[in-house]
Amino acid sequence: MGMISFLANPLRFKKFARIAAPIFGVLALVLIIAGIWVGLWRSPEDQLQGHSVRIMYVHVPAVWIGMMAYAAMALASLFAYIWRHTLADELARACALPGAAFTALGLLSGALWGKTSWGTFWQWDGRMTSTLILLFLFIGYMAVWAGTTDKRRAARIAGLVAMVGSINLPIIKFSVDWWNTLHQTSSVSMPDAPGLPPSILLPLMLMTFGYSFFFGWLVLSRVLNSISKASDRRQRPAAASTTMETL
Amino acid sequence: MSRFSGIVIRDIRIALRSGGAWLMGLVFFAVFLSLSAIALGGEFKTLRPLAPALIWLAVVFSLLFSFEHLFADDADDGTLEHIKLSSMSMHIYVLAKICAHWLLSILPLILALPLAGLLFDLPVSLLGGLFISIALASPALVCYGAFSGACLVGFKGGGFLLVLLTIPLVVPVLIFALGGVISYADAGLLATEFQALLGISLIATAVGIPATTAALNTITE
């Protein structure tokens, strides 16, 4: 909480983001390169799936980050809704496009993996379907922002849409799982007793942290960008009024 | 209570004076089903297993398109501002609008179900399952639709956006409803799916009415 109220000040947030964003970017680059290297050359192939198991290092973290992005978006929307803080709105908005991109990457890589291990690009299986619906939720959220020029209203409505969506996500997940389940169950059980050997877990974790920092870098840069745009807009009328006075 | 019924009666009166516009959902329902039957070849043998899903889709789409104007007209002519200025609770207003909309758009569809059953030569047991599933799921459908409709007052591309926003919320309803239609034949009213539908409807009402109110408040504030 202390951290949040500290960063709630746009100037302080700007200062923090200007330092944190490049650090996140560099960390993401290093971790993802390390993850790719370990994943492709230093990890064993699967007994049954052969080399195609390496798709996992792209696929699993992408879906995780996609879900995390929705959670972050809904949480930021909640803060924005309660305290009417524009920065939280910007934060929620900044999560949407990267979140949608990671979810789409997860679906695409999953389709490729599915083709090699199940023999089909797509199945209407529980997890795949709920990930697809997550993508639709992201698209709907972004469409709300795009649908009106009234930015204040768009922020409120988008926040409501994100929150109602987050209440429904567990119901959607449960119903879709109940409907059809073929997907292999989660192989990584947090926080202890991983079902995967360390040689596979290491690249997976490298990629997950790499993706997380990449996501953080994207979100912080997007928020910084929108803050500077907003302050540009605020300064322009001021400049105009001074010229009026000098005239 | 009298204010509540006042709004319900007002909405029904406006609908009845609209020259039949309120029945367009029913016409859409009939056209959608006929077109599906034509597209699928018109053989009862192929149509019968698909009929519950087609009827459910027709209900969902016919409803989704009906929510675009649920609050838009009240926002345009200033009714919404008056409600807000009056001592009437916005929640009661939303509840009344939802109830009126239920009477005007879902009730005709439910009453038309036997005819839809004739189109596909459906056995009575399936028709009963459809009837119960639609009735149990209807609070969820109207609450989520009303929420999307309230969100999108004055938005560009309102109709399509409304479908996009509402569809993810309707997925569990669709899944449990069609599961319920199948298991109604064995389990009757006590089918697990019907209990799940009832639960979803309760959650949707509890979430939908405050969320719709909040969305409407963004228009007037």
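Where along chain A is A:R84 found? In this predicted model, A:R84 lies in the loop that links helix 3 (56-83) to helix 4 (86-117) of chain A.

**Loop residues with positive phi**
- As background, most residues other than glycine have a negative phi.
- A:R84 isn't a glycine, yet its phi is positive, at about 50°.
- A:R84 counts as partly exposed because it has 13 other C-beta atoms within 10 Å, and the cut-off for exposed is 12 or fewer.
- Over in chain B, D121 (B:D121) also isn't a glycine and has a positive phi, of about 55°.
- B:D121 sits in the loop between helix 6 (90-120) and helix 7 (124-151) of chain B.
- With 11 other C-beta atoms within 10 Å, B:D121 is exposed.

**Helix 4 of chain A**
- After the helix comes A:G119, with a positive phi near 80°.

**The nonpolar core**
- The largest nonpolar core has 136 residues, and those with the most contacts inside it are A:M73, A:C95, A:V161, B:C151 and B:V173.
- Helix 7 of chain B gives the most to this core: 16 residues.
- Leaving out residues up to four places away in sequence, A:M73 touches A:A92, A:C95, A:A96, A:G99 and A:A162.

How values were computed:
Residues are numbered from 1 along each chain as its sequence is written. Chains are lettered from A and ligands numbered from 1 in the order in which they are written. This is a predicted model: local features need pLDDT of at least 70, side-chain atom pairs count only at pLDDT 80 or more; totals for chains, interfaces and linings use all residues. Helices (H or I, at least four residues) and strands (E, at least two) are DSSP runs, numbered from the N terminus. A residue is buried if 20 or more other C-beta atoms lie within 10 Å of its own, exposed if 12 or fewer, and partly exposed in between; C-beta atoms are placed from the backbone. A nonpolar core is a set of buried Ala, Val, Leu, Ile, Met, Phe, Trp, Tyr and Cys residues joined through C-beta atoms within 7 Å. Two residues are in contact if their C-beta atoms, placed from the backbone, lie within 7 Å.
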